[in-house]
Amino acid sequence: FIVSKEACFMRKRILGALTFIAAIGGVIYMKNNPKYKEIIQTVKTADARGLYEKIIFEKDKLAFTTKSKIKDYKIDYESIKHIGEKIFARLIVNNDEKLSIDTVINEGEPLVEEVKHSKELDELLKEE
């Protein structure tokens, strides 16, 4: 039995559309999931923010001042992943996606650790 190119193309388009719909459904489910909301609150806590800022001050002693290279940061909520007792989150520095710090929060204790940071952030911090 022979399948035409059009039928094969149509099958791929239908599969692509179904995958897209499933992805949108997954995002909607996650955003409304109580556990996800709890994770977001953990990432937003004052304790976590203080620890994020401590990591940033280790990189730039003058952070958040006019003389600093790191002026501000924000949490990239799309990057948040929950694996076991750990929550992974990315910090975006100076509103530039290329300048980032990946962190991990241990849920049991308010402890934030840096996992890695971008090469672009290294280059910014090395500039005179």
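Student: Which residue in S3 is the bridge partner of Ile87?
Tutor: This is a predicted model, where local features need pLDDT of at least 70, side-chain atom pairs count only at pLDDT 80 or more, and totals for chains, interfaces and linings use all residues. Residues are numbered from 1 along each chain as its sequence is written, and side-chain values use heavy atoms, with hydrogens and water left out. Strands (E, at least two residues) and helices (H or I, at least four) are DSSP runs, numbered from the N terminus. In S3, Ile87 has as its bridge partner Ile105.

Student: How many bridges join S2 to S3?
Tutor: Two strands pair if DSSP finds at least two bridges between them. S2 and S3 run antiparallel. The number of bridges joining them is 7.

Student: Which residue takes a positive phi in the hairpin of S2 and S3?
Tutor: This hairpin has 6 residues between the strands. A positive phi near 55° belongs to Asn94.

Student: Which residue in the turn between S1 and S2 has a positive phi?
Tutor: S1 and S2 are antiparallel, with 7 bridges. They form a hairpin with 2 residues between them. The positive phi there is about 60°, at Gly84.

Student: Which residue in S2 does Tyr73 stand opposite?
Tutor: Among the facing residues of this strand pair, Lys81 stands opposite Phe88 in S2. Tyr73 also has an S2 residue opposite, Val93.

Student: Which residue does Asp102 meet in a salt bridge?
Tutor: Side chains of opposite charge can pair when their charged atoms come close. The criterion is a side-chain nitrogen of Lys or Arg within 4 Å of a carboxyl oxygen of Asp or Glu. A search of the whole structure finds 1 salt bridge. At 2.7 Å, N to O, the side chain of Asp102 meets that of Arg90.

Student: Is Asp102 buried or exposed?
Tutor: Buried means under 20% relative accessible area, exposed over 50%, and partly exposed in between, using a 1.4 Å probe and protein chains only. Arg90 has 30% and is partly exposed. Asp102 has 13%, which makes it buried.

Student: Which residues does Ser100 touch, not counting residues up to four places away in sequence?
Tutor: Ser100 is in strand S3. At 9% relative accessibility, Ser100 is buried. Contact means heavy atoms within 4.5 Å. With residues up to four places away in sequence left out, Ser100 touches Arg90, Leu91, Ile92, His117, Ser118 and Leu121.

Student: How far apart are the end C-alpha atoms of helix H3?
Tutor: The expected span is 1.5 Å times one less than the number of residues. H3 has 14 residues, 46-59, so it should span 20 Å. The model agrees, with its end C-alpha atoms apart by 20 Å.

Student: Which residues of H3 are buried, and what arc do they cover?
Tutor: The buried residues of H3 are Ala48, Tyr52, Ile55 and Ile56. They sit on the same side of H3, because the arc they cover around the axis is only 95°. The arc is taken from the directions from the helix axis to the C-beta atoms. For H3, the buried set is Ala48, Tyr52, Ile55 and Ile56, and the arc is 95°.

Student: Which exposed residues does the face of H3 turned away from its buried side carry?
Tutor: The cover over the buried residues includes helix H2, strand S1, strand S2, strand S3 and strand S4. The face turned away from the buried side carries the exposed residues Ala46, Asp47, Lys54 and Glu58.

Student: Which residues form one aromatic cluster?
Tutor: Rings of Phe, Tyr and Trp (its six-membered ring) pair if their centres lie within 6.5 Å, with planes under 30 degrees apart stacked, over 60 edge-to-face and the rest tilted. The structure holds 3 aromatic pairs. Phe57 and Phe64 have ring centres 5.4 Å apart and planes at 90°, so this pair is edge-to-face. One cluster is formed by Tyr52, Phe57, Phe64 and Tyr73.

Student: How far apart in space are Ile70 and Leu124, C-alpha to C-alpha?
Tutor: Ile70 lies in the loop between H3 and S1. Ile70 is buried, at 0% relative accessible area. Its contacts include Ile56, Phe64, Val93 and Leu125. Ile70 and Leu124 are 54 residues apart in sequence, and their C-alpha separation in space is 8.8 Å.
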